[in-house]
Amino acid sequence: MAIVLPPLPYAENALEPHYSARTIGFHYGKHHKAYVDNLNKLIAGTPMEAKALEEIIMSTAGDSSKTGIFNNAAQVWNHTFFWNCMRPGGGGRPTGDLAAKIGQTFGSYEKFAEQFKAAAVGRFGSGWGWLVREGGALKIMSTANADTPMTSKQTPLLTVDVWEHAYYLDYQNRRPDFVQTFLDHLVNWDFVAANLAKAK
Ligand code: MN3
């Protein structure tokens, strides 16, 4: 049972002009695919070949002898989650229960957006900005490199990839502009709301 690169949930050009087909071509077609290919090479012929992706991540987290497997597996998961966090015509304000919960937790959507942007832009080097559910509460955080909240008893609700490969072709060094555009034009709030509903 090999780990498979899941299909993109939209066409490669569907997020233009905010996220180009060229960026997705490299980011999905080269970077994400390479994590899948590397992971399959690393687990070939081992008992891990029979495990689901989440099991591989959880069983290798914190094990210094399995860093390569963990990094590739977590990057496969994080990227699949990231693609689903965006949609054509997305972004702006959430609605319904999710909007209420964000308002209760952060004070307003504006304050949420400010904190999410600060966490994503403030991550030094490569990593991810996240909205997670932890112990029944919403929390904004970031992780370094391949790290993923699921190994810290946190349920991922929303992520933005802030590795340079995620935005350099479209935004060069302007990470803040990418994260602002992500919030304003790309976030798939229906996916985030579904993640929150499942976490209850
Ligand atoms: Mn990436």
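How many residue pairs are in polar contact across the interface of domain 1 and domain 2? The points below reach that count after setting out the two parts.

1. This is a predicted model. Its chain is divided into two domains, with domain 1 covering 21-84 and domain 2 covering 96-199. Between the C-alpha centres of domain 1 and domain 2 the distance is 20 Å.

2. The two domains touch. On one side, 19 residues of domain 1 take part, and they are in contact with 24 residues of domain 2. The size of an interface is often given as the accessible area lost when the parts come together. For domain 1 and domain 2 the buried area is about 1,800 Å², and carbon and sulfur atoms give 71% of that area. In domain 1, the residues that lose the most area to domain 2 are T23, F81 and F82, which together make up 33% of what that side buries.

3. As for the polar part of the interface, the rule finds nine residue pairs in polar contact between domain 1 and domain 2, both residues of each pair being at pLDDT 80 or more. The count of salt bridges between domain 1 and domain 2 is zero.

4. Three helices of domain 1 each supply at least two residues of the side that touches domain 2: α1 (21-43), α2 (53-60) and α3 (67-84). The largest share, ten residues, comes from α3. Sorted by class, this side of domain 1 has ten nonpolar, eight polar and one charged residues.

5. A manganese ion is present in the model, coordinated by NE2 of H27, NE2 of H79, OD of D161 and NE2 of H165, at 2.0 to 2.2 Å. Along the chain the donors follow the spacing H-x51-H-x81-D-x3-H. Because H27 lies in helix α1 and H165 lies in helix α6 (residues 164-171), this pair ties together parts that are 138 residues apart in sequence.

6. Two details of the backbone deserve a look. Most residues other than glycine have a negative phi, and most peptide bonds are trans. The peptide bond from E16 to P17, however, is cis, with omega near 5°. P17 is found in the segment before α1. N145, a residue other than glycine, has a positive phi, near 55°. The place of N145 is the loop between β2 (137-144) and β3 (155-161).

Conventions. Residues numbered from 1 in each chain as written. Predicted model: local features only at pLDDT ≥ 70, side-chain atom pairs only at ≥ 80, totals over all residues. Heavy atoms only, no water. Domains from an automatic or database assignment. Contact = heavy atoms within 4.5 Å. Buried area = accessible area lost by both parts, 1.4 Å probe. Salt bridge = Lys/Arg side-chain N within 4 Å of Asp/Glu carboxyl O. Polar contact = N/O pair within 3.5 Å; in protein donor to acceptor, adjacent residues only side chain to side chain. Helix = DSSP H or I, 4+ residues; strand = E, 2+ residues; numbered from the N terminus. Nonpolar A, V, L, I, M, F, W, Y, C, P; charged D, E, K, R; others polar. Donors = N, O, S within 2.8 Å, 3.2 Å for Na, K, Ca; no water.
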